[in-house]
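Okay, thanks everyone, I'll keep this short. Let me put the sequence and the model up on the screen.

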Amino acid sequence: MMQTYECVVSTGHNAWVHIGTGATARFGVTVAIPAPLVATGQAMPDVCVLHGRPADRHKRVIFRSKTPAWTYVLILGGVILFAIVAAVLQKRIKSPAWPFCPACAAVRRRRLLIGVGLVVLGVVAVVVVAGVMPQGASYGPLLVLAFVLLLLVGLVFIARASWASVASGFASRNGMAVEVPHPDPAFVQAAAPALQWAAQQQAAQQQASTQWAAQQQATRQRGGQQFPR
Ligand SMILES: [Zn+2]
């Protein structure tokens with residue numbers, strides 16, 4: 001299984017699958033899919049990234065980068081300041097048709113059911129308890145707090161039921177790739193040709209820009225020789 005990843009790593013100069021590098025080391029393997037592949041959907045395998053099964057549905061998903069840890073310090077200066085800086089720094093990569101499989105749909109359904117269940121339970125509990133509880137009961141505020149927590153947890157589950165959450169990918173900090181932790185080896189294998197292609201494209205672009213810079217420098221140097229001061 002590990003061989004697959006190593007093979008993929010060695011084919012791409014641009015890190016497609018990071019192994020044990022930096023922050024991803026603790027979480028194992030993360031697949032990094034170049035943004036152009038995600039945005040166009042071209043050359044993307046029609047395989048679920050997380051489960052490795054053939055995709056049976058495609059959804060529009062916007063991947064966002066994680067908020068850098070240091071920005072949370074700005075909360076001290078005000079939530080609005082923090083929100084503005086976080087929004088400015090956030091990178092977004094839009095996928096018009098991200099592949100999902102039936103297992104993904106099941107994950108989404110489960111989160112939605114749990115979330116809606118908790119919210120309904122919270123609301124019903126408040127209504128019932130409010131009717132039964134004696135006036136001015138000392139445990140009243142505590143119960144209210146418990147139900148509010150129940151509601152919040154339910155809302156978190158509902159938010160996590162979005163297709164973007166189910167996809168569990170993030171835009172990289174530089175906005176160049178979508179990173180998905182714990183990809184299925186079947187996806188990594190299916191994506192290998194696309195990786196090679198993307199890496200070649202990038203290498204060619206880099207080479208072209210290096211050549212251009214070298215040419216510019218050579219021209220400047222020639223110019224300097226032609227017109228000595
Ligand atoms: Zn899936």
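This is a predicted model: local features need pLDDT of at least 70, side-chain atom pairs count only at pLDDT 80 or more; totals for chains, interfaces and linings use all residues.

We've got seven helices and six strands in the chain. Reading from the N terminus, the order is α-β-β-α-β-α-β-α-α-α-β-β-α. The chain has 229 residues, and 21% of them count as buried. If you take contacts between residues at least 6 apart in sequence, 78% join residues at least 24 apart.

So, which residues have the most contacts inside the largest nonpolar core? They're I33, C48 and V178, and that core has 30 residues. Two or more residues each come from β2, α2, β3, β4, α6, β6 and α7. The largest share, five residues, is from α7. Zoom in on V178: beyond its neighbours within four places in sequence, V178 touches I33, A35, V38, F63, I93, G169 and A171.

Okay, now the helix pair. Look at α4, residues 102-132, and α5, residues 140-159. Their axes come within 7 Å and cross at roughly 160°. Anything over 145 degrees counts as roughly antiparallel, so that's what we call α4 and α5. The crossing is left-handed.

What makes the contact between them? On α4, the residues include L112, I114, V116 and L118, and on α5 they include L143, F147, L150 and L151. The residues of that contact split into 17 nonpolar, three polar and one charged.

Terms used: Residues are numbered from 1 along each chain as its sequence is written. A nonpolar core is a set of buried Ala, Val, Leu, Ile, Met, Phe, Trp, Tyr and Cys residues joined through C-beta atoms within 7 Å. A residue is buried if 20 or more other C-beta atoms lie within 10 Å of its own, exposed if 12 or fewer, and partly exposed in between; C-beta atoms are placed from the backbone. Helices (H or I, at least four residues) and strands (E, at least two) are DSSP runs, numbered from the N terminus. Two residues are in contact if their C-beta atoms, placed from the backbone, lie within 7 Å. Axes are lines fitted to C-alpha atoms, for helices over the stretch in contact, and angles run from 0 to 180 degrees between N-to-C directions. Angles under 35 degrees count as roughly parallel, over 145 as roughly antiparallel, 65 to 115 as roughly perpendicular and the rest as oblique. A crossing is left-handed if the near helix is turned anticlockwise from the far one by less than a right angle, and right-handed if clockwise. Ala, Val, Leu, Ile, Met, Phe, Trp, Tyr, Cys and Pro count as nonpolar, Asp, Glu, Lys and Arg as charged, and the others, Gly among them, as polar.
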